[in-house]
Amino acid sequence: MRNGKINDTKITSPSIRDSNTQPHHARRGHPTTWCSAARRFSYIQVELDGEHVIRAVTVEGGGVQALMWVTSYTISYRRDGSWTWYTDQGGKKKVSLSY
């Protein structure tokens, strides 16, 4: 996402705190941040054209409005219209922690 190849309109969220915390502000290195109005269970959705291999996900806090930050996250993906959680080999939902 950082290189800008994904159009801002493809990065969405059902919740933003205000007009200065848009979902596309979640790009790593952006001078401001995305911030949800919801305190819990908020998410960003990135629409990719076609299938892609995702090798890494990074989380970056910061900015003047960084009074809240991510402490854990899960990843899901949609193929053929149905959402699937990213899981470990045992089928347990994989949770990543950020500190």
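**Reading single residues**

Modeller: R28 counts as partly exposed, at 38% relative accessibility, where buried means under 20% relative accessible area, exposed over 50% and partly exposed in between, with a 1.4 Å probe and protein chains only. This is a predicted model, in which local features need pLDDT of at least 70 and side-chain atom pairs count only at pLDDT 80 or more, while totals for chains, interfaces and linings use all residues. Residues are numbered from 1 along each chain as its sequence is written, and side-chain values use heavy atoms, with hydrogens and water left out.

Biologist: With which residues is R28 in contact, leaving aside its neighbours within four places in sequence?

Modeller: Contact means heavy atoms within 4.5 Å, and R28 has R2, T58 and E60 as such partners. R28 and T58 are 30 residues apart along the chain, with their C-alpha atoms separated by 8.0 Å.

Biologist: Is S15 buried or exposed?

Modeller: S15 has a relative accessible area of 15%, so it is buried. Beyond its neighbours within four places in sequence, S15 is in contact with W34, C35, S36, A37 and A38.

Biologist: Which side chain forms a polar contact with that of S15?

Modeller: A polar contact is a pair of N or O atoms within 3.5 Å; within protein, one must be able to donate a hydrogen and the other to accept it, and residues adjacent in sequence count only if both atoms are side-chain atoms. Here the side chain of S15 is joined to that of S36 by a polar contact of 3.0 Å.
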